[in-house]
Amino acid sequence: MGRVSGKTALVTGAARGIGRAVARMLAEEGAKVALTDIDTEPGEEAVAALTADGHDAAFFEHDVTSEDDWSRVVDEVQSALGGPDVLINNAGIYQIEPVDEMSVDDWRRLMDINVTGVFLGMKHCTPLMREQERGSVINLSSVAGLVGLSGHTAYGASKGAVRIMTKDAAMELADDGIRVNSIHPAYIDTQMADYGAEVQGATKEELDAMHPIGHMGEPDDVAYAVTYLASEESKFMTGSELVLDGGFTAQ
Ligand SMILES: NC(=O)c1ccc[n+]([C@@H]2O[C@H](COP(=O)([O-])OP(=O)(O)OC[C@H]3O[C@@H](n4cnc5c(N)ncnc54)[C@H](O)[C@@H]3O)[C@@H](O)[C@H]2O)c1
């Protein structure tokens with residue numbers, strides 16, 4: 001019996017990076033997993049690897065900024081896998097740029113994916129969770145949603161929004177048996193961290209050294225936290241912010 005057996009999880013942005021690691025760990029712990037992403041080829045590869053290992057998983061093409069996509073995907077997931085009773089709003093983009101150089105179009109695009117995508121996920125998945133009288137929503141924020149960082153006005157605003165939207169939804173949904181929590185990683189070794197290093201002109205070693213623990217995190221560090229929040233082990237936890245940062249915000 002796995003830690004999330006009997007549950008169906010929908011993971012957005014699951015084609016690569018953190019989302020892909022989260023999908024695998026949830027599947028290994030017994031959940032049926034819907035992997036969704038705008039990028040279909042790696043998403044289908046991720047599902048093929050999971051099903052080859054005997055897990056129950058399916059891929060759904062999905063742009064998290066599109067309300068029509070959310071309606072379709074939630075219906076398709078319900079028909080194919082049941083639920084969903086766990087939602088991981090993971091899809092996101094990162095852009096580091098000085099406040100006076102960022103274009104309004106880039107600002108809006110980032111807000112659309114990182115904030116509107118999370119709002120739409122909660123809007124379309126929580127009615128089903130309410131019917132089932134159980135649910136766990138896990139929103140990917142960041143340390144950038146907790147502390148100020150140069151060049152992070154847009155990204156920080158988006159992740160700060162995710163932090164407080166999580167608490168608002170947690171208050172609204174507590175009576176319905178739905179828990180809502182946010183996760184706040186520092187750098188995790190994915191393409192997003194590669195971009196962070198490149199834009200800041202830093203080597204991987206310099207990025208590692210930003211974390212008191214001496215290195216950035218791995219996608220599985222986030223997957224362990226998500227698995228805990230998805231499981232009944234965290235049944236007393238809602239509206240919380242789980243920080244996974246190698247000591248970054250304790251400095
Ligand atoms: N990697 C880090 O250092 C780090 C740190 C803190 C928080 N986070 C957050 O964790 C989450 C995952 O990050 P990651 O490092 O795995 O990123 P990543 O760039 O490796 O993967 C992001 C995934 O999201 C998908 N995506 C992008 N736009 C989409 C859209 N409109 N609709 C659907 N899917 C879309 C991409 O195709 C990709 O598969 C993000 O929300 C990110 O902000 C990451």
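**Close-up views of a predicted model**

**View 1. The axes of helices α1 and α8 (residues 219-230) come within 8 Å and cross at roughly 50 degrees.** Axes here are lines fitted to C-alpha atoms, for helices over the stretch in contact, and angles run from 0 to 180 degrees between N-to-C directions. The two helices, α1 and α8, are therefore oblique to each other; angles under 35 degrees count as roughly parallel, over 145 as roughly antiparallel, 65 to 115 as roughly perpendicular, and the rest as oblique. On the α1 side you'll find G17, I18, A21, V22, M25 and L26, and they meet P219, D220, V222, A223, V226, T227 and A230 of α8. Sorted by class, the contact of α1 with α8 has 10 nonpolar, two polar and one charged residues.

A few reading notes before moving on. This is a predicted model, where local features need pLDDT of at least 70 and side-chain atom pairs count only at pLDDT 80 or more, while totals for chains, interfaces and linings use all residues. Residue numbers start from 1 along each chain as its sequence is written. Helices (H or I, at least four residues) and strands (E, at least two) are DSSP runs, numbered from the N terminus. Two residues are in contact if their C-beta atoms, placed from the backbone, lie within 7 Å. Ala, Val, Leu, Ile, Met, Phe, Trp, Tyr, Cys and Pro count as nonpolar, Asp, Glu, Lys and Arg as charged, and the others, Gly among them, as polar.

**View 2. Helices α3 (residues 67-81) and α4 (residues 104-132) pack at an angle of about 35 degrees.** Their axes are 10 Å apart, and α3 passes α4 in a right-handed crossing. From α3, residues E67, W70, S71, V74 and Q78 meet L120, G121, H124, C125 and L128 of α4. That contact of α3 with α4 holds five nonpolar, four polar and one charged residues.

**View 3. Zooming in on Q78 of α3.** With 16 other C-beta atoms within 10 Å, Q78 is partly exposed; a residue is buried if 20 or more other C-beta atoms lie within 10 Å of its own, exposed if 12 or fewer, and partly exposed in between, with C-beta atoms placed from the backbone. Leaving out residues up to four places away in sequence, Q78 touches G83 and L128. Q78 and T8 are 70 residues apart along the chain, yet their C-alpha atoms are separated by 8.9 Å. G83, one of the residues Q78 touches, is joined to P84 by a cis peptide bond, with omega about -5 degrees. P84 belongs to the loop between α3 and β4 (86-89).

**View 4. The axes of α4 and α5 come within 9 Å and cross at roughly 15 degrees.** That makes α4 roughly parallel to α5. In a right-handed crossing, α4 passes α5. The contact is made by W107, L110, M111, N114, V115, V118, F119, M122 and T126 of α4, together with A154, Y155, S158, K159, A161, V162, M165, A169 and L173 of α5. By class, the contact of α4 with α5 has 14 nonpolar, three polar and one charged residues.

**View 5. E133 lies in the loop between α4 and β5 (135-140).** Its phi is near 55 degrees, a positive value in a residue other than glycine. E133 is exposed, with 10 other C-beta atoms within 10 Å.

**View 6. R179 sits in strand β6, and A174 in the loop between α5 (153-173) and β6 (178-185).** R179 is buried, with 25 other C-beta atoms within 10 Å, whereas A174 counts as partly exposed, with 13 C-beta neighbours inside 10 Å. Not counting residues up to four places away in sequence, R179 touches S136, A170, M237 and T238. As for A174, its C-alpha atom is separated by 10.0 Å from that of G135, 39 residues apart along the chain.

Notes
Left-handed = near helix turned anticlockwise from the far one by under 90°.
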